[in-house]
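Take a first walk through this structure. Keep the sequence and the 3D view side by side as you read.

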Amino acid sequence: MPLEAGLLDILACPACHAPLREEQGPDTPELVCTGEGCGLAYPIRDDIPVLLVDEARRPA
Ligand SMILES: [Zn+2]
């Protein structure tokens, strides 16, 4: 189920404050940072984005 419209507009990467975009990750949907040189992917678990750097997947 897609995130509520408008929610993405107010979410930002906690590491670099760049906007996020929703993508399907290997295990869960993810919010992927669009910041150059950052690109952390935050998991969405049970429709709740987990915006914690410690929980984020690093880009390959
Ligand atoms: Zn970032």
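Contact here means heavy atoms within 4.5 Å. By that rule Leu 11 touches Pro 19, Leu 20, Leu 31, Pro 49 and Leu 51, leaving aside residues up to four places away in sequence. The model is predicted, so local features need pLDDT of at least 70 and side-chain atom pairs count only at pLDDT 80 or more, while totals for chains, interfaces and linings use all residues. Residues are numbered from 1 along each chain as its sequence is written, and side-chain values use heavy atoms, with hydrogens and water left out.

Turn next to the metal. Four cysteines coordinate the zinc ion through their SG atoms: Cys 13, Cys 16, Cys 33 and Cys 38. The distances are 2.2 to 2.3 Å. Donors are N, O and S atoms within 2.8 Å of the metal (3.2 Å for Na, K and Ca); water is not among the atoms, so sites may look incomplete. Along the chain, the donors of the zinc ion follow the spacing C-x2-C-x16-C-x4-C. The site is tetrahedral, with angles of 97 to 118 degrees among its four donor atoms.

What does the pair Cys 16 and Cys 38 tie together? Cys 16 lies in the loop between helix H1 (7–10) and strand E1 (20–24), and Cys 38 in the loop between strand E2 (29–33) and strand E3 (41–45), so the pair ties together parts that are 22 residues apart in sequence. Helices (H or I, at least four residues) and strands (E, at least two) are DSSP runs, numbered from the N terminus. Cys 16 is partly exposed, at 34% relative accessible area. Cys 38 is buried, at 16%. Buried means under 20% relative accessible area, exposed over 50%, and partly exposed in between (1.4 Å probe, protein chains only).

Now follow the strands. Four of them form an open sheet in the order E1-E2-E3-E4, with antiparallel pairing. E1 and strand E4 (48–49) stand at the edges, each with a single partner strand, so one side of each has no neighbour in the sheet. Two strands pair if DSSP finds at least two bridges between them. Five bridges join E1 to E2. In one of these, Gln 24 has Pro 29 in E2 as its bridge partner.

Stay with E2 for a moment. Val 32 lies in this strand. Is Val 32 buried or exposed? Val 32 is buried, with a relative accessible area of 8%. It touches Pro 19, Leu 20, Arg 21, Glu 23, Gly 39, Leu 40 and Ala 41, again not counting residues up to four places away in sequence.

The interior comes next. In soluble globular proteins, nonpolar side chains tend to be buried together. A nonpolar core is a set of buried Ala, Val, Leu, Ile, Met, Phe, Trp, Tyr and Cys residues joined through side-chain atoms within 4.5 Å. The largest one has eleven residues. Among them are Leu 11, Leu 20, Leu 31, Tyr 42 and Ile 44. The zinc ligands Cys 13, Cys 33 and Cys 38 belong to this core too. E2 and E3 each supply at least two of its residues.

A salt bridge is a side-chain nitrogen of Lys or Arg within 4 Å of a carboxyl oxygen of Asp or Glu. The whole structure holds three. Arg 21 meets Glu 23 at 2.6 Å, N to O. Arg 21 is partly exposed at 39%, and Glu 23 is partly exposed at 31%.

Glu 30 forms a salt bridge with Arg 57, their closest N and O atoms being 2.7 Å apart. This pair links distant parts of the chain: Glu 30 sits in strand E2 and Arg 57 in the segment after E4, 27 residues apart. Glu 30 is buried at 5% relative accessibility, whereas Arg 57 is partly exposed at 38%.

Arg 45 pairs with Glu 55, with 3.1 Å between the closest N and O atoms. Here strand E3 is linked to the segment after E4, and the two residues are ten residues apart.

End at the loop between E3 and E4, where Asp 46 is found. Its phi is near 50 degrees, a positive value in a residue other than glycine. Asp 46 is exposed, at 75% relative accessibility. Asp 47 lies in the loop between E3 and E4 as well. Phi of Asp 47 is near 70 degrees, also positive. Asp 47 counts as partly exposed, at 46%.

Conventions. Tetrahedral: all angles 85-135°; square planar, octahedral: opposite > 155°, others 65-115°.
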